[in-house]
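I opened this notebook to record what I looked up, entry by entry.

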Amino acid sequence: MFRRLLPLLVLIAATLPAAAQERVLNVYNWSDYIDPYAVARFTRETGIRVRYDVYDSLETLEGKLSAGRSGYDIVVPTSEPTFARLLRAGALRPIDRAAIPNWRNLDATLMERVAGIDPGNRHGAVYLWGTVGLGIRVDRVRAALGPEVALDSLDILLRPENAQRLARCGIMVMDSPTDVLPSVLRWLGRDPNGHAAEDLRAAEQALMGIRRHVRTIIASSSILDALATGEACVALTYSGDVIQAQARAREANRGVEVGYVMPREGAQLWFDMLAIPADAPNPDAAHAFINFLLQPDVMAGITNHVRYPNAVPASRPLVDEAVRNDPNVFPPPEALARSFVAGTPPREAERERTRLWARFKRGR
Ligand code: N2P
């Protein structure tokens, strides 16, 4: 009897406690926003398995989190408006610094920039940052607009006569009012955070002025792919996504040359935050993950892979020289001086932005 039971008992002993103890970290991050090697190394070093989901717009992230019980332990919202709003709604858990000794590796100046919305930086650490601009096929844009065209302005996209000439080549805009409207307002010479009715009307007019020349308004992840293959000729999206597409296009070696345009009118600058939802199932694993990410060598690997600058200065010497010296990855001080950071519009303005965006997508 005992003999027959033994294998069963061994089986139970071997599997049950392991299953009960298996630690899982549920990550919800932007697409193309980590070095896969870092995730594998985290699991190897800690034994914590990672369940990894991605989103490609702030609207998607906020929708998922606002419903509650997302089941995620780590999320990566932009400081404003998303992180600020989640924080205000009580949807984020205070971070226990004692569990994150590598917190000291964070850039004090960058952390100070987000302390206005999160006093004492209690709820988040800057992960990566970047700008909003245009990914372009350099030769095609020159061919369509003339060799003299200035490749540093949103004029390429937003002047209707330019958009018309580029329409056949393929214009795309990322599907995110939150991350598109501020740049349009700035290009118009308006307050990028303006939310008065006339600001929004002006932005809508500008967008409608090019609407019929726009091939698609689509998720930022699809834009990255379309830039890499050459299917998109001009696309409004995030800086590092363009630079990743540029690298992929070079590797493919099919004659697609992708360039990034940081708007001289002033680029939108954003900071993405590592944060823990208030109802995270495994907050201990979340703390362990943040501590792991904030190591200089891990962060350097991430910046090398995704082409966004991070918030750990000691990682800088470990970043590949070509990435470190790329002004589109690390914007020079003059460009930063002209940049602006988005704010958090009041609820009614946010609703109006959503309606405006739906009209833009519909084309009327
Ligand atoms: C990564 C998207 C960049 C994050 N694919 C924008 N805040």
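Entry 1, the ligand's neighbours. I count a residue as near a molecule if one of its heavy atoms lies within 4 Å of it. I also note that this is a predicted model. With that cut-off, I found the ligand surrounded by Trp-30, Ser-31, Tyr-33, Thr-78, Tyr-238, Asp-241, Trp-270, Asp-272 and Tyr-308. I then sorted this shell by residue type and got 5 nonpolar, 2 polar and 2 charged residues.

I looked up which residues place a polar atom by a nitrogen atom of the ligand. For Ser-31 a polar backbone atom is 2.6 Å from a ligand nitrogen. For Asp-241 a polar side-chain atom is involved, and I read 2.9 Å to a nitrogen atom of the ligand. Asp-272 also uses a polar side-chain atom, at 2.7 Å from a nitrogen atom of the ligand. Next I checked the cover: taken alone the ligand exposes 270 Å², and the protein buries 100% of that.

In which cavity does the ligand sit? I found the ligand in the largest cavity.

I went through the exceptions one at a time.

Asp-32 has a phi near 50°, a positive value in a residue other than glycine. I placed Asp-32 in the loop between strand 1 (24-30) and helix 2 (36-46). Its relative accessible area is 29%, so I wrote down Asp-32 as partly exposed, since that label covers values between 20% and 50%.

Arg-307 also has a positive phi, near 65°, and is not a glycine. I found Arg-307 in the loop between helix 14 and helix 15. With a relative accessible area of 23%, Arg-307 is partly exposed.

The peptide bond from Glu-80 to Pro-81 is cis, and I read its omega as near 5°. Pro-81 itself lies in helix 4, which covers residues 79-88.

I picked Arg-69, Val-319 and Pro-327 and asked of each: buried, partly exposed or exposed?

Arg-69 is in the loop between helix 3 (58-66) and strand 3 (74-75). I put Arg-69 down as exposed because its relative accessibility is 78%, and exposed means over 50%. I also took a distance from Arg-69 to Ile-302, 233 residues apart along the chain: their C-alpha atoms are separated by 29 Å.

Val-319 is in the loop between helix 14 (296-306) and helix 15 (321-324). I listed Val-319 as buried because its relative accessible area is 2%, and buried means under 20%. Asp-297 is 22 residues from Val-319 along the chain, and I read 8.6 Å between the two C-alpha atoms.

Pro-327 is in the loop between helix 15 and helix 16 (333-338). At 43% relative accessibility I counted Pro-327 as partly exposed. Pro-327 and Ile-276 are 51 residues apart along the chain, and their C-alpha atoms are separated by 32 Å.

Terms used. Residues numbered from 1 in each chain as written. Predicted model: local features only at pLDDT ≥ 70, side-chain atom pairs only at ≥ 80, totals over all residues. Heavy atoms only, no water. Polar contact = N/O pair within 3.5 Å; in protein donor to acceptor, adjacent residues only side chain to side chain. Areas by Shrake-Rupley, 256 points an atom, 1.4 Å probe, with all protein chains shown as cover. 1 Å grid on protein atoms, 1.4 Å probe; cavity = no way out; pocket = protein on both sides within 12 Å on 5 of 7 lines; lining within 4 Å. Sits in = over half its atoms within 2 Å of the grid points. Nonpolar A, V, L, I, M, F, W, Y, C, P; charged D, E, K, R; others polar. Helix = DSSP H or I, 4+ residues; strand = E, 2+ residues; numbered from the N terminus. Buried < 20%, exposed > 50% of the residue type's maximum accessible area, 1.4 Å probe, protein only.
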